Amino acid sequence: PDLQSGSVITGTGVPATVRAAENTSQGSITSTTYVAPTNACGIAFIAPTTGRVLVMWRARTLDNNTAGQITYLSIEAREGTSVGSGTVILDPSDEYAFFHMGVNECGFGMFYPIDGLTPGEDYNVRLMQRVSGGSGTLDDREIIVMPLT
């Protein structure tokens, strides 16, 4: 919920920013629907008093086979502390994914706000990947969750 003007936010109301990284290459991605990579990159977090967080992620990506194919990286958010488990509250989507078309490797970053979280409750977020066809590669993935006040 939005805070009223003059509201006091205590240290317990603003949990720390959390970060996870995975440097294992995710080569030969072939799924055309979003799936979790073999070496998942995700993190658990506590919702702040405002119920809003900003999720930021980055990776290096390329298409392994043919120019014109696209590699996508999006996020999935769930309830609970176990990454990849719990009720889904945000499905991965091309709408807020970064994507790359081409055989030359490029680094990308993306961000997306999640609103409507229950303050003080546990959630988790992880990176999900897909390709439009052929196969793709993702390297050096990182995800950060930052409370929004």
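Thr 32 counts as partly exposed because its relative accessibility is 47%, the class between buried (under 20% relative accessible area) and exposed (over 50%), with a 1.4 Å probe and protein chains only. Keep in mind that this is a predicted model, where local features need pLDDT of at least 70, side-chain atom pairs count only at pLDDT 80 or more, and totals for chains, interfaces and linings use all residues. Residues are numbered from 1 along each chain as its sequence is written, and side-chain values use heavy atoms, with hydrogens and water left out.

Thr 32 sits in the loop that joins β2 (26-29) to β3; strands here are DSSP runs of E, at least two residues, numbered from the N terminus. Setting aside neighbours within four places in sequence, Thr 32 is in contact (heavy atoms within 4.5 Å) with Arg 130, Val 131, Ser 132 and Gly 133. Ser 135 is 103 residues away along the chain, yet its C-alpha atom is 9.3 Å from that of Thr 32.

On to the inside. The count is 1 cavity of 30 Å³ or more, a cavity being a set of points on a 1 Å grid over the protein atoms alone where a 1.4 Å probe fits but cannot get out. The largest cavity has a volume of about 30 Å³, meaning the space filled by probe spheres set on the points, which are joined across faces, edges and corners. Its lining residues, those with an atom within 4 Å of a point, include Pro 15, Phe 45 and Met 146. β3 (42-46) and β10 (136-147) are the elements giving two or more residues to this lining, and β10 supplies the largest share, 3 residues.

Methods:
1 Å grid on protein atoms, 1.4 Å probe; cavity = no way out; pocket = protein on both sides within 12 Å on 5 of 7 lines; lining within 4 Å. Helix = DSSP H or I, 4+ residues; strand = E, 2+ residues; numbered from the N terminus.
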